[in-house]
Amino acid sequence: MREIFDGVQEIRPEELFFSWEEKITSLSGEEVFRFAVLAAVGLLLCLLGLKIVRAWAALFGLAAGFACGAGAAYLLGLNNTAILITGGVIGAALAFLGAFFYKFGVFMTVFFSAGAIYIQIVQPTEMISAVAGLAAALVAAVLAVIFAEVLTIIATSVWGGILAGTSVYQLVPVRGRMMSILLCVIFAILGIIVQLLLESRKRKRKNLQKAAEIRETHSTENEVEKARSLIDDFERMPDEPEDEPGETTDGREDI
């Protein structure tokens, strides 16, 4: 466990992301599988970022919580078991909050997506630049709590497009920085369009359901009003006159 943390500390943030122009000419079977999985995850993120935002929030929360909790336990000098337990508990807590509280899930999803976009595009090598990117991602996440749908669609589409584009670039027989960027742009635009269509259909379905409920309520109120009117009319109807004694129904007196 400590060897893992020692290795993680030596990794620079920009090394976690692909370079736009870097092309691996000969891929092994393991690398093909890895890029295929990353491309699939990127496609899911850019096409269904808002649709399954709770799932993304749970995934990001689990990863971030485990990393922060385990890292803190490691710095405190705890043993391997305590490190795993601490990371697991904090990761599970953040995953639960992200999955069951919509606003918190949106905050986490946009924060991670915006931060990943910044690292991919800017590729900071200094602490000041990294902190600036973290601050920008935090601002975007706070705004996403207010403008949840719009910012979630944009952030997940762009980050998913970058992840899918850079992964597909490694799998297809093309070369060049512009080709890599073009693939990322295509996937990002496709993701925005698809997510907007899905959100539009969702809102249309909700509006139709609400309209049906309103019509049903009005119909029920009209039926109740009609029933009340009938009862009132029946109560206002005069009683039929009774025949007077000594007279027949044809008006002649009885003998």
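What percentage of the 255 residues of the chain count as buried? In this predicted model, where residues are numbered from 1 along each chain as its sequence is written, local features need a pLDDT of at least 70 and side-chain atom pairs count only at pLDDT 80 or more, whereas totals for chains, interfaces and linings use all residues. Side-chain values use heavy atoms, with hydrogens and water left out. On this basis 29% of the 255 residues count as buried, where buried means under 20% relative accessible area, exposed means over 50% and partly exposed lies in between, with a 1.4 Å probe and protein chains only.

The chain contains eight helices and zero strands, and its pattern, read along the sequence, is α-α-α-α-α-α-α-α. Helices (H or I, at least four residues) and strands (E, at least two) are taken as DSSP runs and numbered from the N terminus. With contact defined as heavy atoms within 4.5 Å, residues 24 or more positions apart account for 74% of the contacts in the chain that have a separation of 6 or more.

Helix H5 (residues 102-122) has 21 residues, which at 1.5 Å a residue should span 30 Å, and this agrees with its end C-alpha atoms, which are 30 Å apart; the expected span is 1.5 Å times one less than the number of residues. The buried residues of H5 are Gly 105, Val 106, Met 108, Thr 109, Val 110, Ser 113, Ala 114, Gly 115, Ala 116, Ile 117 and Gln 120. These buried residues pack against H3, H4, helix H6 (127-146) and helix H7 (148-171).

Two packed helices are described by the angle between their axes and the distance between the axes. For H5 and H6, the axes come within 8 Å and cross at roughly 145°, where axes are lines fitted to C-alpha atoms, for helices over the stretch in contact, and angles run from 0 to 180 degrees between N-to-C directions. H5 passes H6 in a right-handed crossing; a crossing is left-handed if the near helix is turned anticlockwise from the far one by less than a right angle, and right-handed if clockwise. Residues of H5 including Val 106, Phe 107, Val 110, Phe 111, Ala 114 and Gly 115 meet residues of H6, among them Ala 132, Gly 133, Leu 134, Ala 137, Leu 138 and Ala 141. In the loop between H5 and H6 lies Gln 123, which has a positive phi of about 50° although it is not a glycine. At 27% relative accessibility, Gln 123 counts as partly exposed.

A search of the whole structure finds five aromatic pairs. Rings of Phe, Tyr and Trp (its six-membered ring) pair if their centres lie within 6.5 Å, and planes under 30 degrees apart count as stacked, over 60 as edge-to-face and the rest as tilted. One of the pairs, formed by Trp 56 and Phe 60, is stacked, at 6.3 Å centre to centre and 25° between the planes. Because these two residues, Trp 56 and Phe 60, are four residues apart in helix H3 (residues 53-75), they are separated by about one helical turn. Both Trp 56 and Phe 60 are buried. A tilted pair is formed by Phe 96 and Phe 100, at 4.7 Å centre to centre and 35° between the planes. Phe 96 and Phe 100 are likewise four residues apart, in helix H4 (residues 80-100), and therefore about one helical turn separates them. Phe 96 counts as partly exposed at 46% relative accessibility, whereas Phe 100 is exposed, with a relative accessible area of 58%.

One aromatic cluster is formed by Trp 56, Phe 60, Phe 107, Phe 111 and Phe 112.

Not counting residues up to four places away in sequence, Ala 188 touches Ser 157, Val 158 and Gly 161. Leu 183, also placed in helix H8, is buried, with a relative accessible area of 16%, and is in contact with Gly 165, Val 168 and Tyr 169 when its neighbours within four places in sequence are left aside.
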